[in-house]
Amino acid sequence: MDKKNKNKYREYYSQYFSKETFLSPKKEKFHSNLQYLQDIGLADRKSFESRRIMEIGAGKGRLTFNLWKSELLEDVVRYDVVEPSDGIYAIKEFLQLPAAHFSKSDLVQIVQEHPPGSVDLLILHGVIPHVSIPSLREIVQQVSRLISANGEIHVTSSFFGMKKAGSRALMAFSDMTPGGETVAAFLHAGLQWAMTGCRIGCVYDFYQRHFFHSFRSGFRDRYLHFNEIMSVRPYNMDWGYANHADALRDAGFSVHSCFPHSMSLRAARTDHGMMFPPRINGEDCNVVILGNDWLGKWVAANLGIAPEHCINGVEQLAGADVVIAAYDYTKGPSYAETVRSLEARGYKFGETCFIYQMFF
Ligand SMILES: C[S@@+](CC[C@H](N)C(=O)[O-])C[C@H]1O[C@@H](n2cnc3c(N)ncnc32)[C@H](O)[C@@H]1O
């Protein structure tokens with residue numbers, strides 16, 4: 001696919017979804033269980049009961065399948081699955097749900113076709129970075145027309161809070177060179193294999209600082225993951241919490257909840273919005289960075305926190321008032337797991353404990 005065809009995401013995804021990839025339901029274990037839904041804030045029955053739900057950009061149904069299999073959709077009034085590519089047919093095949101409706105439409109079309117104010121929960125899972133409207137404000141304005149008076153918008157997207165210059169360079173190369181996405185994806189998978197497999201700490205850290213990490217196992221699956229990154233445009237990784245909160249505010253919404261899987265947030269028409277970046281500065285406020293590796297130090301430097309405040313683990317909290325999780329999570333545990341362990345110690349996510357991405 002050369003540069004001029006890169007915005008032809010329908011064709012690309014239709015072809016991509018004909019293969020088994022990380023976007024397939026069931027294939028990717030990480031995204032296919034109740035724990036993942038809890039981590040992104042979509043495991044709460046009340047979010048679905050007696051409500052009209054719409055999922056835009058549902059792909060091949062990775063999230064839809066998980067919600068359905070987890071029996072969260074049983075009491076919905078209506079579940080609209082919207083997907084512009086042939087992935088919609090794959091979802092139609094497995095989703096045995098009387099309340100389901102299927103539209104082979106994109107975001108702009110569905111906003112025009114669907115009655116305004118008729119959706120109680122709109123889900124955008126891994127979609128916003130790909131919508132070919134260049135302004136996040138405009139995307140949010142568009143979809144906000146669908147939301148009922150008490151309705152909510154739920155957004156989940158990948159957000160690292162930093163530029164990964166190596167991957168960006170490969171993306172630029174793939175844009176400039178006909179067929180470059182295959183070479184770039186192959187190179188990316190090879191670099192991850194070589195630089196994270198060599199067991200040299202500084203090489204591993206350099207890779208994580210400058211390149212995207214694919215959690216897929218096996219070279220083929222990683223190659224297919226990177227192929228998507230190299231082939232689809234736009235692939236906007238720069239809109240973070242603050243950008244979303246601002247765009248939502250302009251459309252009359254406030255972010256009322258965040259979830260510890262970056263980036264996951266929920267917004268409604270309420271006055272009680274969360275602040276991004278969170279305000280934690282106080283004279284006597286003892287802030288620690290949970291992470292004493294390259295990432296913890298990078299975050300400390302960017303937030304003006306002394307490196308001595310970077311700690312290795314929860315056992316070193318020593319009564320800290322505020323904790324910011326900022327360690328290299330490719331070495332585990334997940335931030336969601338860490339936040340659960342902090343909450344068990346009395347911290348509250350979004351008030352006294354955070355993940356670093358919320359500050360960028
Ligand atoms: C990374 S995939 C995510 C799919 C699915 N939500 C998931 O998490 O498995 C991005 C999806 O966004 C869809 N998409 C891209 N641009 C879109 C648009 N303008 N309107 C609606 N969906 C769009 C693509 O067709 C694709 O299915």
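Two strands count as paired here if DSSP finds at least two bridges between them. With that in hand, here are some notes on this predicted model.

1. **The four-stranded sheet.** Strand S8 (residues 287-290) and strand S10 (residues 322-325) pair in the parallel sense, over four bridges. One point to click on is Leu290, whose bridge partner in S10 is Ala325. These two strands belong to an open sheet of four, ordered S9-S8-S10-S11, with parallel pairing. Its edges are strand S9 (310-311) and strand S11 (353-355), each of which pairs on one side only.

2. **A helix across that sheet.** Helix H13 (residues 335-344) lies across S8, S10 and S11. Relative to S10, helix H13 runs at about 165°.

3. **The seven-stranded sheet.** Another open sheet has seven strands in the order S3-S2-S1-S4-S5-S7-S6, and here the pairing is mixed. Strand S3 (100-103) and strand S6 (254-259) are the edge strands, each pairing on one side only. On average, neighbouring strands of this sheet are turned by 20° against each other, direction ignored.

4. **The S6 end of the sheet.** S6 pairs with strand S7 (residues 264-268) in the antiparallel sense, over five bridges. Phe259 has Ser264 in S7 as its bridge partner. Helix H11 (residues 241-250) lies across strand S5 (147-156), S6 and S7, and runs at about 150° to S6.

5. **Domains.** The chain is divided into domain 1 (3-159 + 239-268), domain 2 (165-231) and domain 3 (287-359). The centres of domain 1 and domain 3, taken over C-alpha atoms, are 29 Å apart. Their contact takes nine residues from domain 1 and eight residues from domain 3. On the domain 1 side, the residues touching domain 3 comprise five nonpolar, three polar and one charged.

6. **The ligand shell.** There are 21 residues around the ligand, and Gly57, Gly59, Arg62, Asp106 and Leu107 come nearest. By class, the shell divides into ten nonpolar, eight polar and three charged residues. Helix H1 (9-16) and helix H3 (62-69) each supply at least two residues of this shell.

7. **Two cis peptide bonds.** Arg233 and Pro234 are joined by a cis peptide bond with omega about 0°. Pro234 sits in the loop between helix H10 (219-231) and H11. A cis peptide bond also joins Phe276 and Pro277, with omega about -5°. Pro277 is placed in the loop between S7 and S8.

8. **Arg199.** This residue has a positive phi of about 65°, although it is not a glycine. Arg199 is in the loop between helix H8 (180-197) and helix H9 (201-210). Is Arg199 buried or exposed? Arg199 has 7 C-beta neighbours inside 10 Å, so Arg199 counts as exposed.

9. **Ala318.** A positive phi, about 45°, also turns up at Ala318, again not a glycine. Ala318 is found in the loop between S9 and S10. Ala318 counts as exposed because it has 8 C-beta neighbours inside 10 Å.

Notes. Residues numbered from 1 in each chain as written. Predicted model: local features only at pLDDT ≥ 70, side-chain atom pairs only at ≥ 80, totals over all residues. Near = placed C-beta within 6 Å. Nonpolar A, V, L, I, M, F, W, Y, C, P; charged D, E, K, R; others polar. Axes fitted to C-alpha atoms, helices over the stretch in contact; angles between N-to-C directions. Contact = placed C-beta atoms within 7 Å. Domains from an automatic or database assignment. Buried ≥ 20, exposed ≤ 12 C-beta atoms within 10 Å, placed from the backbone.
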